[in-house]
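Have the sequence and the 3D view open as you read.

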Amino acid sequence: MKRYLAFFCALVLLMAGAGPVRAAKEANYISVQFHDEALGRYEEPAQARRVAVSLNGEALELDVPGVIRTVNGWDGRTLVPVRPVAEALGATVLWMKETRQVVIFNDADTIVLTLGSATAVVNGQSVALPGAVPACVAKYDGVERTLVPLRFVSEQLHAQVDWSNADFAASITAPWLIPEPEGPKAADGLLLRVESDDNAQSITLRLNREPRYTIVDLGDRVAIDLQGFVIGTGKDGSMAPENPTVERVRYAQHGTDLYPDWAGTTRVVLDLAKGCSMEENLLIMTDRQRQSIIIQTFPSETGRPPVSVEEPEDAMAFTVVLDAGHGGSASGAVYEEVMEKDLTLPITLRVGQLLREKGYNVVFTRTGDEYMDLYDRCDIANAVRGDIFVSIHANASVTNRAFQGTFTYSYPGSKEGERLAGMIQSAVCAAAGSIDRGLLTNDYVVLRETYMPAALLETGFMSCHEELVKLVDPAYQEKLAQGTAKGIQAYLSTLPAKTAESIEAKEADYRARDEAKAAKALMSPEE
């Protein structure tokens, strides 16, 4: 009896000693049900390792904890609820119920994750998910949430993720979200990437917000100081584009040494080829719509390329300048392997044919798949003394793939431009049966730098599959062309007929504008 009693006591002591260890181990695991997208139902409850998640040192409150999940029994990945993590990083989350997709986007990037798919789409490009672990729906303690790969999503949003194997903890670092001490203004922008288009001889600085910068001409090099911006990768870098004007592009992070009012400034330096200068060989432009800075370069031996001008046939007839958006290396929007430049050209050429049949002079900025600088398009319109300018484009939305319809833009404050845009908008919507999204204004180069009333037509949304199917249909393109031509004719019919006196007055006006532009281009920065 004593022997049994001793055994029982030893067993009790052993269980008591093991209790806290087992409890601690069990606390590290939770029971989760993952939804099987292929079968359309939840799997049996499974034990998954819990992961602690923090952002800039502060624990994130998650109603469904981060967990480790493996696919095919290897290479586990941390999954977290998408909304609290993405929104904490400043992104917006949309749930597309029909396609079972999660769309995460901010001002610069768009990530599309399809539940159950090991492939994501990042800024229009397909990317394989690490470990083939897809986004999924999971249920924990009665709460159902969509889980996404933590490291993949965080790094696509330009945050850094560190892993502690000892604690099973993931630490997200987003420098731009760390509060700055009192003093200089906090850096609130990111230099996402530097791109070189060797065909177009241009360099683009992609940012996550509207550019704020100063240009410094240093003779054999040019500095572009992005005030309040930090480098998205966190590392200084450089690139050597195949460009006869710019030999190298270097970018480095600075603190308050360049601009004391800003906590951070990124300096981008363009090392110029021998004999090149900023004044003669560079044109630095702001693209507010795409939150970018575009550096257009011109070889020293040629300077700015000459503009090919097609003279109007009949001086007494109205001259319409038609601009097919994009072209050449500038493809415009690309959806489902369709390029915007391939939609705008046939529509534009057909509009020109219809107008010529009515007796109007028509000048095209391009008639083939060729790159055209935005300012050259304006120079053509001004050189031929055009009466109106119409640029034709297709639209896109990264936030709402279901959005469709037609817009027409004019330059802010241009009454005649707005009147032209209104007549084109009404006629196109009536002819094509498209949704009338109304009139907008914008400081686009082709609307600002043309001397005549100008309009920019956005025919439809390529990002909407339903509307893209229409846009590639020649029959629908014919409707768009018919409507555009009718809108242009309606506007021109309201103008007084040309006379020798009106042509002479217009010539004097355009010549004066040309001279003013030339004088401004020759002014030194001090002037």
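The notes below cover a hairpin, a sheet with its helix, and one arginine. Please keep in mind that this is a predicted model.

Let's begin with the hairpin. Strand 18 (residues 213-217) and strand 19 (residues 221-227) run antiparallel and are joined by five bridges. Three residues lie between the two strands, and Gly219 in this turn has a positive phi of about 85 degrees.

Next comes an open sheet of six strands, in the order 29-26-30-33-31-32, with mixed pairing. Strand 29 (361-364) and strand 32 (436-441) are at its edges; each has a single partner strand, so one side of each is left without a neighbour in the sheet. On average, neighbouring strands here are turned by 20 degrees against each other, direction ignored. Strand 29 pairs with strand 26 (residues 319-324) in the parallel sense, over four bridges. Helix 6 (residues 374-383) packs on this sheet and touches strand 26, strand 29 and strand 30 (388-395). The direction of helix 6 makes about 165 degrees with that of strand 26.

| Residue | Partner | Strand of the partner |
|---|---|---|
| Val320 | Val362 | strand 29 |

Finally, take a look at Arg49, which sits in strand 3 (residues 46-55).

Terms used:
Residues are numbered from 1 along each chain as its sequence is written. This is a predicted model: local features need pLDDT of at least 70, side-chain atom pairs count only at pLDDT 80 or more; totals for chains, interfaces and linings use all residues. Side-chain values use heavy atoms; hydrogens and water are left out. Two strands pair if DSSP finds at least two bridges between them. Axes are lines fitted to C-alpha atoms, for helices over the stretch in contact, and angles run from 0 to 180 degrees between N-to-C directions. Contact means heavy atoms within 4.5 Å.
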